[in-house]
Amino acid sequence: MLSDLEVVHEERQGHLWYIKYPVVGTKEFLTVATTRPETMLGDTAVAVHPEDERYRHLMGKKAVLPLMNREIPIIADKLVDREFGTGALKVTPAHDPNDFELGKRHNLAEIDVMTDGAHMNANAGAYAGMDRFAARKKIVEDLKAQGLLEKISDHTNAISLCERSKTAVEPRISTQWFCKMKGLAAPAIKAVEEYAPGKENTIYIIPENRRTEYLNWMYNIRDWTISRQLWWGHRIPAWYCKENRHITVARKTPAQCATCGSSNLEQDPDVLDTWFSSQLWPFSTLGWPEETADFKKYYPTTLMVTGYDILFFWVARMIMMGLHFTGRAPFRTVYLHSLVRTGSGEKMSKSKGTGLDPVALNQQYGTDAMRFCLASMAAPGTDIILSDDKLASSRNFANKIWNAARFLFVNLDKFEQGGAKLEDLAAPGVRAKAPYAAGGKVPLVDSWLFARLTSTIDMVNDALANYRFHEAAQGVYQFFWGDFCDWYIEWVKPELQSADRERATVAWKNLFAAFDAALRLLHPFMPFLTEELWHQLPQAAGAKSIALDRFPEAQARWKNSTATDELALIQEVVTKLRAMRAEKRQDAKKKLPAELSSSNPALRKLLEDNSQVVQRLAVLSSFEVFSEGLKGTGMIVQTAIYDLRIPFEAIIDPLAEIARLKREIERLEKDIQSKKARLDDEDFTRKAPENVVKNMGITLVERQLEQKKLKAQLEQLEGSQAVGH
Ligand SMILES: [Zn+2]
């Protein structure tokens with residue numbers, strides 16, 4: 001016996017067997033079609049539609065059930081589908097849920113022809129003892145031999161399979177215990193529908209689409225079969241007297257039958273469905289029904305976190321039982337997380353061999369990388385497709401953090417030789433006062449770093465509070481890798497060993513303060529790595545773990561929109577210069593001259609003040625800033641507020657480039673002439689499809705524009721050569 005929820009459906013290619021049932025007292029046959037011939041042994045009627053003219057004369061007569069020689073009535077019922085098969089339906093109330101209903105309406109006998117083990121039982125006559133599929137084969141052979149098999153046709157049917165064993169489910173009549181659900185569902189619907197923040201006895205389900213599923217299921221709930229024929233579980237608390245089979249339900253083993261007083265009792269051998277027992281989990285684990293201290297303190301709990309695949313099996317039922325037994329909703333919020341799927345999108349399954357072994361992946365990529373990877377993909381409402389690529393990228397991130405820390409400590413060793421101590425630069429009390437000023441002012445990049453840090457902290461806290469773990473993980477990633485490593489550390493590198501001890505000390509202090517905050521932000525996602533590195537920084541006496549330290553909180557005093565805007569502009573200039581180098585495939589280490597012109601004096605001053613940094617980060621030999629337009633020729637990038645130039649002679653061999661441009665212009669010229677000729681050819685334009693002609697016209701214009709651009713470049717280059725020589 002299993003629950004509808006544990007049944008999966010699958011389309012399979014099968015057959016329809018057409019079997020002829022002789023009609024008693026006539027020479028006629030009534031042909032029925034079936035997908036499961038073996039069930040015919042339990043037939044107790046044949047049904048036709050009352051308005052079916054083909055069979056009107058047979059209604060009320062009897063048919064002989066082949067192989068069993070049992071006379072069964074031919075009945076009329078409106079629910080018979082005239083279109084299916086022959087329009088005549090064999091009725092097997094003990095082996096089909098629809099036939100069961102039909103049998104009830106017509107007072108038909110229910111003949112169960114199978115055993116618990118899906119073999120034919122004594123009711124199956126000559127087939128008793130055979131497996132159901134062996135019996136099917138024999139029955140079909142016997143019908144054929146007796147000339148009672150009209151035909152066999154191919155038929156696709158949706159068959160029901162057991163979710164676990166994948167064997168075909170056999171519908172079979174049995175007596176089971178049911179739990180009435182409508183009354184239990186009503187308060188559970190109310191609790192979720194009436195949710196409002198802080199409102200007693202209401203439950204918030206996230207993500208939203210699961211809330212809708214929950215309500216749909218609850219509104220359409222059916223009574224729940226709760227007895228199971230298993231070896232272990234909570235035993236059904238029902239006893240039968242041997243004399244009369246009266247039922248006595250009791251909390252404790254009863255001494256007598258409640259109806260007849262017999263002491264000859266036996267307990268129902270079945271156990272409760274596992275979910276029927278585990279729905280008590282929120283309160284039974286706390287000592288309920290006793291009013292224990294744990295129950296008083298921890299019930300209801302705040303948050304239930306589980307996979308969405310057991311929303312109905314478990315979560316919905318815990319809510320119903322919590323409300324029923326304690327009068328209170330068992331939790332305030334239900335967060336249903338994604339499932340992890342394999343790279344090809346399959347659900348992991350041990351039996352299919354599609355499972356990824358988390359222990360093996362941890363060994364391969366690192367536990368922190370695995371955890372970070374899962375968190376960064378945990379967008380609500382979508383499953384996590386776990387692949388080697390994604391794990392590898394998380395491992396790279398872990399390595400990046402480790403290498404950044406190593407860089408800091410190696411450089412600190414050098415700095416300490418000048419008399420500084422880690423304690424003075426990075427003790428908790430020192431970190432708390434960051435950012436520090438040098439020469440009376442917090443350096444621009446340090447102000448910017450702390451502004452970025454506080455907005456990251458803000459964003460991460462907000463994302464975590466709203467169960468958007470992927471956003472939190474991605475925010476920390478961007479801060480640590482992008483802001484802290486790629487920009488801040490690269491920017492202050494020379495200052496860390498600067499002869500200007502004040503600037504160096506300030507850089508170290510600010511750096512450690514930001515590093516410590518970043519570790520704490522990262523801790524929920526990468527617990528092991530951050531714990532290890534955190535202990536390498538000075539901590540308060542007796543501090544045991546980063547997990548017990550405070551999670552970072554946003555600091556209003558760190559906000560700085562001026563520093564944020566100014567640094568964004570410098571980053572943009574550096575990024576554009578790098579892109580210009582990359583476009584011309586310049587050696588990453590080759591220093592190039594570059595110029596910027598802008599009519600904005602504040603912009604010019606900012607870039608002049610930071611000229612050294614721009615030169616270092618963009619690998620330049622010089623960086624000139626002008627107020628008038630760029631005078632020379634070269635590779636030029638223009639924006640609304642400034643223009644950038646790298647002179648041609650710095651990035652190319654002018655003579656080779658002139659030759660290349662000439663060749664290219666000539667090639668385009670040939671192409672342009674040939675396209676022109678074709679478009680001038682009336683014969684062609686008349687015969688060719690309209691869109692071909694149109695596209696050729698467009699291509700011609702594009703080629704002409706391209707050529708014009710190259711000609712301008714050539715002219716510039718030849719001009720600069722003439723000036724230079
Ligand atoms: Zn009794």
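Leaving aside neighbours within four places in sequence, phenylalanine 648 is in contact with Thr633, Gly634, Met635, Pro654, Glu657, Leu717 and Ser720. Two residues are in contact if their C-beta atoms, placed from the backbone, lie within 7 Å. This is a predicted model: local features need pLDDT of at least 70, side-chain atom pairs count only at pLDDT 80 or more, and totals for chains, interfaces and linings use all residues. Residues are numbered from 1 along each chain as its sequence is written.

- Phenylalanine 648 is found in helix H21 (residues 648-651). Helices (H or I, at least four residues) and strands (E, at least two) are DSSP runs, numbered from the N terminus.
- Phenylalanine 648 is buried, because 21 other C-beta atoms lie within 10 Å. A residue is buried if 20 or more other C-beta atoms lie within 10 Å of its own, exposed if 12 or fewer, and partly exposed in between, with C-beta atoms placed from the backbone.
- Isoleucine 636 is 12 residues from phenylalanine 648 along the chain, and their C-alpha atoms are separated by 9.5 Å.
- Leucine 644 sits in strand E23. Leucine 644 is buried too, with 22 other C-beta atoms within 10 Å.
- Beyond its neighbours within four places in sequence, leucine 644 is in contact with Val573, Lys576, Leu577, Ala594, Leu596, Ile636 and Val637.
- Between the C-alpha atoms of leucine 644 and valine 625 there are 9.4 Å, and 19 residues separate the two along the chain.

**The chain overall**

- The chain has 24 helices and 23 strands.
- Its radius of gyration is 40 Å, well over the 27 Å that the globule rule gives for 725 residues, so the chain is more spread out than a compact globule. The radius is taken over C-alpha atoms, and the rule is 2.2 Å times the number of residues to the power 0.38.
- The C-alpha trace spans about 120 × 90 × 45 Å along its principal axes.
- Of the 725 residues, 28% count as buried.
- Among contacts with a separation of 6 or more, 68% come from residues 24 or more positions apart.

**Helix H18 and its surroundings**

- H18 (residues 561-583) has 23 residues. From first C-alpha to last it reaches 32 Å, close to the 33 Å expected at 1.5 Å a residue. The expected span is 1.5 Å times one less than the number of residues.
- Buried residues in H18 include Glu566, Ile570, Val573, Leu577 and Arg581.
- Elements covering the buried residues of H18 include helix H14 (444-465), strand E20 (592-597), helix H19 (601-609) and strand E23 (643-647).
- The axes of H14 and H18 come within 8 Å and cross at roughly 110°. That makes H14 roughly perpendicular to H18. Axes are lines fitted to C-alpha atoms, for helices over the stretch in contact, and angles run from 0 to 180 degrees between N-to-C directions. Angles of 65 to 115 degrees count as roughly perpendicular, under 35 as roughly parallel, over 145 as roughly antiparallel and the rest as oblique.
- Leu444, Val445, Ser447, Trp448 and Ala451 in H14 meet Ala563, Thr564, Glu566 and Leu567 in H18.
- By class, the contact of H14 with H18 has 6 nonpolar, 2 polar and 1 charged residues. Ala, Val, Leu, Ile, Met, Phe, Trp, Tyr, Cys and Pro count as nonpolar, Asp, Glu, Lys and Arg as charged, and the others, Gly among them, as polar.
- Arginine 585 follows H18, and its phi is positive, near 50°.

**Helices H9 and H10**

- H9 (residues 358-365) and H10 (residues 367-376) pack at an angle of about 110°, with axes 6 Å apart.
- Pro358, Leu361, Asn362 and Tyr365 of H9 make the contact with Thr367, Ala369 and Met370 of H10.
- That contact divides into 5 nonpolar, 2 polar and no charged residues.
- In H10, 8 of the 10 residues are buried, so H10 is largely enclosed by the rest of the structure.
- Partners of the buried H10 residues include H9, helix H11 (388-416), helix H15 (469-496) and helix H17 (527-534).

**Backbone details**

- The peptide bond from isoleucine 206 to proline 207 is cis, with omega near 0°. Proline 207 is in the loop between strand E9 (204-206) and helix H4 (208-219).
- Tyrosine 299 and proline 300 are also joined by a cis peptide bond, with omega about -5°.
- Leucine 67 has a positive phi, near 70°. It is buried, with 20 other C-beta atoms within 10 Å.
- Tyrosine 467 has a positive phi, near 60°. It lies in the loop between H14 and H15.
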